[in-house]
Amino acid sequence: MHLLYIGAGFVGSCSAAVSADSGHQALVFDIDQVKIQKLSSKNREQIESCLYEDGLADLLIRHQDRIDFTTDYRKVEECLDTCDAVFLCLPTPEIGETGESNLTYYTTALEQLSEALTKRNSGTQSKRLVIINKSTVPIDTVDLTETILKKHAVQNVGVVSNPEFLVEGKAIQGSLKPDRIVVGAWNEDDFLVMRRIYQRFYDSPNVEYIEVNPKEAAAGKLLANYYLFNKLAVCYDVIGRTCETFPEVRFEHIRRILTSDNRIGSWGFYNSLYAGGSCFIKDARSLSHQLQTKGQEAVLVNETYLANKRQLELFLSRAEKEAKFDWKGKTIALLGTAFKRDTNDIRNSPSIDIVRFLQEKQVEAIRIYDPSAREMFEALFPANETIQYVGHEMEAIVTADCVVVATDWPQFRGVADMILGEKSRPLVMDGRRMLQHRYDDLVAAGCAVIAVGSPLLKH
Ligand SMILES: NC(=O)c1ccc[n+]([C@@H]2O[C@H](COP(=O)([O-])OP(=O)(O)OC[C@H]3O[C@@H](n4cnc5c(N)ncnc54)[C@H](O)[C@@H]3O)[C@@H](O)[C@H]2O)c1
């Protein structure tokens, strides 16, 4: 099939790569020239410097004959003559702190597409195609989509909602072996097109292929994200807090007790300083905004958001309160700037707030290390007298007064040994419990340890 993707971000690029792997022909359009240049470079390093997703570069290089990237809209217009489906993979961020979704990226792209659609097949619009929204959007967005298409007198199109459930860091593996595919459409013709696009998954006994209407599909995505976000908030704000309060109650032991109950499940039982990323926060806020607009109070949804915010504030405040640590004039090692391991995405990364906090506290130096997200972070916080970027954990740690572990990169498990190999005894702030197997050793050597899910640990 001939597929067009508008938006070459995590969702558009990964989804197009998987479509090419399924044997389809994909054209991917984006307005970001640098991104398109890197993604179409056929060079692993270039691709990964733009989108670090395990397996993405492999697919883009392997299927280079079936996938094209462009910033030239004339190519989009040409493609529409034979195109079977257009995927909209556009950002839907929050407007300020209102909870409301900013749909201007979506509507701008759709207005431009609508104009081009009316010109296809020499203006006859004879080829039927479907317009598929993959972005996470408010539940009623399908109505807005239909209104825009109607305004432009676009003919012969179906409107489908096909929310993306990819997990950053595992986007390609997850998309090649999805748990479920959700397709929301109003009529059988559109369901048929979608089944052809996803034939390999539709035919697979291991994939839950769910057909619903477009509003249910959009609501399902928002609610699924809220549910996961809430699980994290419970882990931080209830389970973690309990373990921080009772010294003999160890987080890892509680996790074993709880997760061995199938009804509870195991996902989300890793204590952290913050749930970041591009989705959970904005999607919960959007859900809350939509519910409140319709007269609901959304108390629990709001509380989940607040619990996450509280988690980072509490974690940082513990240094002064519990360890009597005075930040002013100190050297801090900040390990990890990606919002989680296996990605270079820094959207809503806790490290952003941590750097701002450290700047406010007038620390002397912040030495930052991340194995893949440095470039992104440096664009936000350029190196200066205070902020220094280093190429190895060790360079950050040497003579630091405080070591903050902010991302769960597996290699950070070795950081305890690096600290113990040095003379200085920094305050260790473990925002991911990455060093939990060595807390006793660190304390015995004279370090104070503040970890999410533990009370202050010191001699
Ligand atoms: N990243 C995730 O893990 C994930 C998972 C599921 C769903 N989603 C949702 O999918 C949507 C996209 O997310 P993403 O992470 O891929 O975003 P992203 O920011 O990585 O990518 C969006 C892309 O759209 C491009 N763009 C903006 N305006 C455009 C226009 N007019 N024409 C063409 N391209 C344009 C941007 O340049 C950017 O490259 C969001 O709604 C998000 O909530 C994201």
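Colleague: How many residues does the largest nonpolar core have?

Modeller: This is a predicted model, in which local features need pLDDT of at least 70 and side-chain atom pairs count only at pLDDT 80 or more, while totals for chains, interfaces and linings use all residues. Residues are numbered from 1 along each chain as its sequence is written. A nonpolar core is a set of buried Ala, Val, Leu, Ile, Met, Phe, Trp, Tyr and Cys residues joined through C-beta atoms within 7 Å; a residue is buried if 20 or more other C-beta atoms, placed from the backbone, lie within 10 Å of its own, exposed if 12 or fewer, and partly exposed in between. The residues with the most contacts inside the largest core are Tyr5, Ile6, Val86, Leu88, Leu335, Val403 and Val404, and its total is 135 residues.

Colleague: Which helix gives the most to this core?

Modeller: Helices (H or I, at least four residues) and strands (E, at least two) are DSSP runs, numbered from the N terminus. The core draws at least three residues from each of domain 1 (2-212) and domain 2 (229-451), whose bounds come from an automatic or database domain assignment. The helix that gives the most, with ten residues, is helix 11 (residues 214-245).

Colleague: How far apart do the C-alpha centres of domain 1 and domain 2 lie?

Modeller: The chain is divided into domain 1 and domain 2. Their contact takes 14 residues from domain 1 and 17 residues from domain 2, two residues being in contact if their C-beta atoms, placed from the backbone, lie within 7 Å. The distance between the C-alpha centres of the two domains is 34 Å.

Colleague: How many residues surround the ligand?

Modeller: A residue is counted here if its C-beta atom, placed from the backbone, lies within 6 Å of the molecule. The shell divides into 13 nonpolar, eight polar and five charged residues; Ala, Val, Leu, Ile, Met, Phe, Trp, Tyr, Cys and Pro count as nonpolar, Asp, Glu, Lys and Arg as charged, and the others, Gly among them, as polar. Helix 1 (10-21) and helix 6 (104-118) each supply at least two residues of this shell. The closest residues are Gly7, Gly9, Val11, Thr92 and Ser135, and the number surrounding the ligand is 26.

Colleague: Within what arc do the buried residues of helix 7 fall?

Modeller: In helix 7 (residues 141-151), the buried residues are Thr141, Val142, Thr145 and Leu149. They line one face of the helix, because seen down its axis they fall within an arc, taken from the directions from the axis to the C-beta atoms, of 105°.

Colleague: Which exposed residues does the face of helix 7 turned away from its buried side carry?

Modeller: An α-helix has 3.6 residues a turn, so residues three or four places apart point the same way. The buried residues of helix 7 are covered by elements including helix 6, strand 5 (129-133), strand 6 (157-161) and helix 11. The face turned away from that side carries Thr147, Lys150 and Lys151.

Colleague: Is aspartate 342 buried or exposed?

Modeller: Aspartate 342 is in the loop between strand 9 (331-335) and helix 15 (350-360). Its phi is near 65°, a positive value in a residue other than glycine. Because aspartate 342 has 20 C-beta neighbours inside 10 Å, it counts as buried.

Colleague: What is the phi of asparagine 348?

Modeller: Asparagine 348 is also found in the loop between strand 9 and helix 15. With 18 C-beta neighbours inside 10 Å, asparagine 348 counts as partly exposed. Although asparagine 348 is not a glycine, its phi is positive, at about 55°.

Colleague: By what distance are the C-alpha atoms of methionine 429 and valine 403 separated?

Modeller: Methionine 429 is in strand 13 (residues 427-430), and it is buried, with 27 other C-beta atoms within 10 Å. Not counting residues up to four places away in sequence, methionine 429 touches Ala319, Cys402, Val403, Val404 and Ile450. With the same exclusion, valine 403 touches residues including Ala333, Leu335, Val428 and Met429. Methionine 429 and valine 403 are 26 residues apart along the chain, and their C-alpha atoms are separated by 5.9 Å.

Colleague: Is glutamate 115 buried or exposed?

Modeller: Glutamate 115 lies in helix 6. Its C-alpha atom is separated by 9.6 Å from that of glutamate 77, 38 residues apart along the chain. With 12 other C-beta atoms within 10 Å, glutamate 115 is exposed.
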